[in-house]
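Please open the model in your viewer and keep the selection panel at hand. The stops below are meant to be taken in order.

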Amino acid sequence: MKKQAFFFFGWFFASQVFATDLRVAIWESAAPYNVKTESGWKGPCIDVYHAIEAIDPQLHFVIDDEPMPIRRIEYELSAGRRDIICGARKNASREAAGMQFLKQGLHTTGYRLAVRAGDDVVVNNWNDVKKMGKAGKVLIMQGHAEIERLQQLGVILDSGTPTAEQNLIKLEAGRGRFFYHRDSFFKSGAYSPKNHPNIRLLPVVLDPSPAYIAGGKMVPREVMAQIDNAFSKLVRNGELNRIIKANTLD
């Protein structure tokens with residue numbers, strides 16, 4: 001009986017220590033959810049982390065100094081070297097790999113297609129792109145959650161490049177006809193039309209879906225439940241809505 005009590009106490013203590021140090025990964029081109037400034041990371045995800053900590057002081061988010069490509073972050077989460085990400089899209093393969101998504105999304109955004117300014121192409125839906133075949137090749141960030149679905153639709157993709165800026169440069173160089181990225185990124189300060197005068201955005205908004213906070217498969221379910229409970233309080237008391245509006249996402 002004493003051994004059982006000791007085991008339980010040790011497990012409980014270890015889980016609390018783990019919960020006080022949640023390692024947060026930031027992925028490349030995560031704006032507007034995470035934006036690097038001279039004073040550190042800013043944005044709605046950072047504000048939400050602080051708000052969760054205020055509700056549940058046992059939760060402490062330790063944020064990486066530098067961003068990483070999406071594919072590497074997924075590996076880090078799977079290996080247990082990182083615990084939390086924010087701004088992630090949910091899909092079957094990520095859930096199958098053990099990523100644990102909160103019950104409610106942080107923010108819903110659609111996606112836009114960028115083209116070269118001189119391209120007069122008209123797109124209303126993915127069928128229009130698919131009909132173009134190789135002439136309609138879409139640049140998409142390496143590791144993007146929508147790669148598998150778009151490939152199944154028959155869209156020709158180039159997913160070899162990890163950042164939005166690098167893909168924009170490839171687009172300008174004619175190495176793809178479109179670049180697919182979240183609408184909120186193009187509206188954020190991370191994207192400057194002045195820096196890309198040869199690029200325009202098509203008016204259609206595709207694939208609206210929520211962005212989530214998610215944990216890796218090694219994060220104990222009890223800890224994810226703590227995060228989920230605190231986040232739900234932010235939704236109910238209106239604090240999440242205030243954070244979203246303060247960061248001009250709506």
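What volume does the largest cavity have? The largest cavity has a volume of about 110 Å³, where a cavity is, on a 1 Å grid over the protein atoms alone, a set of points where a 1.4 Å probe fits but cannot get out, and where a volume is the space filled by probe spheres set on the points, the grid points being joined across faces, edges and corners. Before selecting anything, note that this is a predicted model, in which local features need pLDDT of at least 70 and side-chain atom pairs count only at pLDDT 80 or more, while totals for chains, interfaces and linings use all residues. Residues are numbered from 1 along each chain as its sequence is written, and side-chain values use heavy atoms, with hydrogens and water left out.

**Stop 1: the cavity**

Select Trp27, Ile70, Tyr111, His144 and Arg182, which lie nearest the centre of the largest cavity among its 14 lining residues; a lining residue has an atom within 4 Å of a point. The structure holds 1 cavity of 30 Å³ or more.

**Stop 2**

Keep S5 selected and colour it by accessibility: 5 of its 5 residues are buried, so S5 is largely enclosed by the rest of the structure. Buried here means under 20% relative accessible area, with exposed over 50% and partly exposed in between, computed with a 1.4 Å probe on protein chains only.

The torsion about the S-S bond is -75 degrees, and the link is left-handed. Both cysteines, Cys45 and Cys86, are buried, and the count by this rule comes to 1 disulfide.

**Stop 2**

Within S12, turn to Ser209, which counts as buried at 14% relative accessibility. Its side chain makes a polar contact of 2.9 Å with the side chain of Arg89; a polar contact is a pair of N or O atoms within 3.5 Å, and within protein one must be able to donate a hydrogen and the other to accept it, residues adjacent in sequence counting only if both atoms are side-chain atoms. Apart from residues up to four places away in sequence, Ser209 touches Arg89, His107, Thr108 and Thr109, contact meaning heavy atoms within 4.5 Å.

Asp207 is also found in strand S12; although not a glycine, Asp207 has a positive phi of about 55 degrees, and at 16% relative accessibility it counts as buried.

**Stop 3: the loop between S1 and S2**

Move to the loop between strand S1 (22-24) and strand S2 (35-37), where Pro32 lies, and inspect the cis peptide bond that joins Ala31 and Pro32, with omega at about 5 degrees. Ser29 is found in the loop between S1 and S2 too; its phi is near 60 degrees, a positive value in a residue other than glycine, and Ser29 is buried with a relative accessible area of 18%.

**Stop 4: Thr161**

Finish at Thr161 in strand S9 (residues 157-161), which counts as buried at 9% relative accessibility. The side chains of Thr161 and Lys170 make a polar contact of 2.9 Å. Beyond its neighbours within four places in sequence, Thr161 is in contact with Ile140, Met141, Gln142, Gln166, Asn167 and Lys170.

Notes. Helix = DSSP H or I, 4+ residues; strand = E, 2+ residues; numbered from the N terminus. Disulfide = S-S within 2.5 Å. 1 Å grid on protein atoms, 1.4 Å probe; cavity = no way out; pocket = protein on both sides within 12 Å on 5 of 7 lines; lining within 4 Å.
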